[in-house]
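Subject: Structure for your files

Hello,

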Amino acid sequence: FQDISIPLEFKFKENYKNLNNINDKIEMIFNNYDKEYYKFNSYLNKIFNESELNSAFMLGVNLQNNRKLTKSYNYSSDGNDIFRIASMTKVITTVAALQQVESGLIGINEPLNNIVPELADVPCINKEGSMTRSNADITMKHLITHTAGFGYFFTSDELENYLGKAPFGKDLIQHQMSLRLFEPGESFRYGTNIDWLGKAVETLSGKNLEQYFRDHITGPLGMDSTWFIPPEHLKHRIVNYYHKDKDTYTVAGERIPKKSNFFSGGGGLLSSPNDYLKFLTCLVNGGKNEDFLMLQEQTVRSMFEDQLEKNIDIKFPKMSFNHQWIGKGNFISDLEGCRWGYGWALETRKNDYLRPKGAAFWAGLYNSYFTIDPLNQVIVLYFSQFFPFNDKSVSYTHLRAHETVLDLVCRLLLE
């Protein structure tokens with residue numbers, strides 16, 4: 001099994017796709033390959049050992065029977081190491097914003113221009129290519145669905161061309177928040193929309209995001225390893241993050257994050273696999289965790305529904321593949337045909353492998369990923385800690401192999 005970029009079932013796709021019963025599919029897999037070789041451990045061990053990965057942590061849970069499987073390579077096996085989760089922060093910020101809507105402080109389609117006046121002051125590139133002030137209303141929904149017009153340098157040539165490098169002493173994310181690429185509702189562009197959403201939560205709640213999350217999400221869920229700035233007693237559990245060049249890993253920055261008054265709702269959190277599992281589990285359970293109600297069940301259902309206008313698609317510009325932060329793997333191209341809910345991408349295609357239709361998924365810049373399947377109540381988590389994201393040779397390939405095995409094992413073999 002040399003071509004590990006092809007999912008296991010794909011090796012006999014023509015026969016596999018004609019089987020309707022998932023148990024028949026499992027039987028086909030194991031009848032076509034040596035059963036011992038493709039046991040969970042040996043399969044993933046082989047892929048890891050033949051890859052260029054320096055470390056990884058994987059976790060899969062079937063909430064129907066509360067069985068959990070983990071695999072760790074050069075990380076602690078208990079799931080308590082603390083990682084930079086980057087854009088996996090976004091769905092937590094989205095939940096915080098939806099809490100504001102549920103509390104009646106703002107409507108999902110109500111303009112934010114007067115509530116967050118600095119948001120309305122951000123210039124926009126008009127049809128003629130000039131930077132101009134826009135009076136168009138920006139709503140919570142625009143920000144949550146990445147249709148407000150904000151981008152990242154790696155999703156927009158225009159943004160980098162107009163803004164240039166961040167001035168000395170200015171946070172890079174805040175720099176990218178200072179220009180919109182189009183009027184709200186015109187298109188989808190993945191970017192700093194959720195950082196602005198975080199600012200809206202701070203304004204509406206009267207708390208910074210660190211404190212708001214502790215009071216209303218991470219604290220009640222017992223996510224005591226999840227912080228923008230982890231407290232002193234947790235710092236020894238924070239893992240290094242790296243820059244990968246071929247098979248060489250170089251420490252990319254300081255392990256301990258510096259204190260800041262800016263809390264990036266789009267990507268600033270650190271968390272552990274066990275903590276993030278608690279958060280996703282609460283969502284699979286309809287927003288409840290014992291006596292804590294994080295969101296109403298109806299609101300959670302809306303997170304798994306397509307929230308984009310039919311004429312808007314999830315698209316990443318081709319330049320994304322040539323940016324130093326982004327590798328040439330298949331994560332971005334695999335988004336073709338998917339949709340966007342509240343906080344994450346949605347699998348809307350009926351695939352013969354991997355994510356079932358209706359599953360939600362997303363990732364973080366340092367090559368961490370999650371998939372949440374509400375129908376089968378399966379959660380898959382994957383953590384590594386390096387960039388470029390979506391590295392073709394290792395991370396996404398290993399994720400797909402991990403996702404294939406864990407999803408099948410959690411959903412079937414542990415029943």
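Just after α9, G206 takes a positive phi of about 75 degrees. The model is predicted, and local features need pLDDT of at least 70, side-chain atom pairs count only at pLDDT 80 or more, and totals for chains, interfaces and linings use all residues. Residues are numbered from 1 along each chain as its sequence is written, and side-chain values use heavy atoms, with hydrogens and water left out.

The protein chain has 13 helices and 16 strands; these are DSSP runs numbered from the N terminus, helices being H or I of at least four residues and strands E of at least two. Of its 415 residues, 56% are buried (buried means under 20% relative accessible area, with a 1.4 Å probe and protein chains only). Among contacts with a separation of 6 or more, 68% are between residues 24 or more positions apart (contact means heavy atoms within 4.5 Å).

Helix α9 covers residues 193-205, and its 13 residues should span 18 Å at 1.5 Å a residue, which agrees with end C-alpha atoms 18 Å apart (the expected span is 1.5 Å times one less than the number of residues). Because 10 of the 13 residues of α9 are buried, the helix is largely enclosed by the rest of the structure. The buried residues include W196, L197 and V201. Their cover includes α4 (90-102), α5 (117-120), α6 (140-144), α8 (172-176) and α10 (209-216).

The axes of α4 and α9 come within 9 Å and cross at roughly 40 degrees (axes are lines fitted to C-alpha atoms, for helices over the stretch in contact, with angles from 0 to 180 degrees between N-to-C directions). From α4, K90, T93, T94, A96, A97 and Q100 meet I194, L197, G198, V201, L204 and S205 of α9. The residues of this contact divide into 6 nonpolar, 5 polar and 1 charged (Ala, Val, Leu, Ile, Met, Phe, Trp, Tyr, Cys and Pro count as nonpolar, Asp, Glu, Lys and Arg as charged, and the others, Gly among them, as polar).

**The sheets**

An open sheet of 7 strands runs in the order β2-β1-β15-β14-β13-β12-β11, with antiparallel pairing (two strands pair if DSSP finds at least two bridges between them). Its edge strands are β2 and β11 (339-340), each pairing on one side only. Helix α11 (residues 273-284) packs on this sheet, touching β1, β2, β14 (368-373) and β15, and its direction makes about 155 degrees with that of β15.

In β1 (residues 56-62), 7 of the 7 residues are buried, so the strand is largely enclosed by the rest of the structure. A56, M58, G60 and N62 point one way from β1, and F57, L59 and V61 the other way. β1 is joined to β2 (residues 67-73) by 7 bridges and to β15 (residues 378-383) by 6 bridges. L59 has T70 as its bridge partner in β2 and L381 in β15. The hairpin of β1 and β2 has 4 residues between the strands, and N66 there takes a positive phi near 60 degrees.

β6 (residues 242-245) pairs with β7 in the antiparallel sense over 4 bridges, and H243 stands opposite T250 in β7.

Regards

Technical notes
Buried means under 20% relative accessible area, exposed over 50%, partly exposed in between (1.4 Å probe, protein chains only).
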